[in-house]
Every structure is written in structure tokens, then in C-alpha cells.
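Student: Let's go through this model term by term. I want each label set against its definition.

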Amino acid sequence: MPFLGQDWRSPGWSWIKTEDGWKRCDAWSQELEGENSQCDIGHGIILNSEDEEIFSNEEHEYASKKRKKDHFRNDTNTQCFYRENWIYVHKESTRERHGYCTLGEAFNRLDFSSAIQDIRRFNYVVRLLQLIAKSQLTSLSGVAQKNYFNILDKIVQKVLGDHQNPRLIKDLLQDLSSTLCILIRGVGKSVLVGNINIWICRLETVLRWQQQLQNLQMTEVDSGLTLSDLPVHMLSNILHRFSDGWDIVTLGQVTPTLFALSEDRQLWKKLCQYHFGEKQFCRHLILSEKGHVEWKLMYFALQKHYPTKEQYGDTLHFCRHCSILFWKDSGHPCTAADPDSCFTPVSPQHFIDLFKY
């Protein structure tokens, strides 16, 4: 009997041979038959006696099959579960594997929904969503787009609840809203998966999220000990741990002492030396009236022209031996003799580049 099924990846249907020919025998077909008998509306209620003859038995059977098919499709597409949190990255067909891996498929398989609950992976996932919003949004499949906005909704609700990392999410939503505006205005110039009304609703949702974050009010926690109670050398040590200039500026707005420490020239000099090289300094050198280098101004000037180094508590990893992308904590079935030597951390931009063809 030839392979027949809803999807070529499914195990297929079971068939039995009868006197009238082959008939399908599925475990769930009886359930659908029962549900169909309950949901079927007699066509005599809709049609009058004169038109009832027009509605033939074949048309009635076709409508019944269509309802079963829609029921099965809706039931299978509600949510996808994957046991493995890794994906094999292949860019071309081989004798063992046909097809290729897409960005949307990887986005669905790597469980980013759970990753945002891990403080080590939160910034990594947000940066990845931002890069997708800038250039790869239209390359996602319909299911991947749905997962993308579901994850984004969870991130926004998390930030509104715990008041952490609001600036990162504001930047992400700003890039996403700009991309959605361009896509909606230029409809027809690019291929959009889904109806234009869906994209308009998504833009309205993003604008609503931006308004909620704009109205976010930080609540003071009466825990007794505050930053102001710490010694100055400890406050200075905290500022030197930051790798983002905007975090230093924001913390400097808390108290006058922190503001004075955030204006330290040595602090900004080390930050510039960490992110940029000497050749870049020479091209964008900024001097004060007294001839001193304005390291703070140089940092923000260089940031506009060159990418800064990114730091993440945990990232995705790529196994060069198996060509598998995975979270290091979850692991993957590696066949190498020394698996750790094959692992390479994957930056958000590297993740995007893996799926460019």
C-alpha cells in the first residue's frame, strides 16, 4: 500500500482491505467521527425543501471531510513540542539528509521561550530578537513569526513585572516598530507571510508595548542597605565592572556620589580600550580645550562607527564535529572523542549568518 498521510514526516495512516476496497482505520478517526456527528448541522435547517435536492450527498461528504481536515490541522498546529533542544544545521542536500535548515526552524527548536527565564541567557535572546527584527523578520515562516511575537510578549510582561532591563527592550521594540512600518508601507515590494491586517495588528501591539514601557514606574524597595551606604572604592569597583557606557550613565543619575564617579576619565579610558583599538582612536580623537582626551565623548562617537564587544552569561554553542547548534547546559548527542574541543560559542550575529544562503 503506498504511503499516505497528512504530512510526509508523519507515520502515515493504517489501512485495511475490505470487499469494497481499501479503507482507512485510524485511532483518531473514530473520535473525529463522533465529534463530527455532534457538530454537523443538518443541511435541511439551512436549505428549504426546494433547494435541498441541490445539496448532493457528495457535497455533504466533502464538507464533512473538510471539517475533519481543519480539525486535525488546528489540533496539530496549536503548539509544537520538541524533546531535543538542539538542531542539526545543514545547508545542502546529502545522501542522508534532504533539504536545508532555515532560521525559522532553528528559532522554533531551540526553546527561546524558556531561555528568557534564565538571567544568563536573557540579554543574548533579546539581542538575537533585535537582529531578526532589523533584517530577517520576513524570512521567518508563519509558525516562527507566531513564536517570535509570543516570546516577545513574554519578555515585555517579564520586564513590566520585575522592572529589569527596560532599556534593552525599548531599543528592541523601536527597531521592530521601524521595520514593521517599512514593511506595511511598502506592501507588495516584499513578500509578507500572512495577511496585511495581521501585520497591522502586530504593529499596534508593539506600539502598545512601547507605551506600557514608557509609563513604567520604578518602585523603591525598603531593604535597609542601599548603594549610598557602600564605601566609595566599592562603588568605583562596581562601575568598572560595566561594559556598557549607557549603564554607567544611568547609574550615575542615582546619587551625586555616583555621578562624580561616573565622570572619571580613567573609567571611560578603560572602557574605550576594551571595546576599540588604537587605530580607531586616531580616527576619532576628541580633545578638550586643555588638550586632554575626552574619553567619554570618544566612546559614544566610536560606538556610532564601530561595533562594541558583546558579553553574555550563556550563549548557544556550535559543534564543528556534528554541525549541531545547541545550548551547552542541555548538550547534544556528540560522537567526537573530545567533545569540548569541538564546541564554539555562537554570537547572535553568528547565529543569523549560519542561516544565510
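Student: What makes the four strands a sheet, and in which order do they run?

Tutor: The order is E3-E5-E4-E6, the sheet is open, and the pairing is antiparallel. Two strands pair if DSSP finds at least two bridges between them. Strands are DSSP runs of E with at least two residues, helices are runs of H or I with at least four, and both are numbered from the N terminus. This is a predicted model, where local features need pLDDT of at least 70, side-chain atom pairs count only at pLDDT 80 or more, and totals for chains, interfaces and linings use all residues. Residues are numbered from 1 along each chain as its sequence is written, and side-chain values use heavy atoms, with hydrogens and water left out.

Student: Why do E3 and E6 count as edges?

Tutor: Strand E3 (86–88) and strand E6 (343–346) each have a single partner strand, so one side of each lacks a neighbour in the sheet. Neighbouring strands are turned by 25° against each other on average, direction ignored.

Student: How do you know that E3 pairs with E5?

Tutor: Three bridges join E3 to strand E5 (residues 324–327). The definition asks for at least two, so the two strands pair.

Student: What makes a set of residues a nonpolar core?

Tutor: The members are buried Ala, Val, Leu, Ile, Met, Phe, Trp, Tyr and Cys residues, joined through side-chain atoms within 4.5 Å. The largest such core here has 51 residues. Phe112, Tyr148, Leu325 and Phe351 have the most contacts inside it. Helix H6 (residues 119–136) gives the largest share, nine residues. A second, separate core has 20 residues, including Leu235 and Trp268.

Student: What does Phe112 touch, leaving out residues up to four places away in sequence?

Tutor: Its contacts (heavy atoms within 4.5 Å) include Val125, Leu128, Trp327 and Phe351.

Student: Why is Gln266 called partly exposed?

Tutor: Its relative accessibility is 39%. Buried means under 20%, exposed over 50%, and partly exposed in between, with a 1.4 Å probe and protein chains only. Gln266 lies in helix H13 (residues 265–275). Its C-alpha atom is 8.2 Å from that of Trp295, 29 residues apart along the chain.

Student: What share of the chain counts as buried?

Tutor: The share is 31% of the 357 residues. The chain has 16 helices and six strands.

Note on methods:
Axes fitted to C-alpha atoms, helices over the stretch in contact; angles between N-to-C directions.
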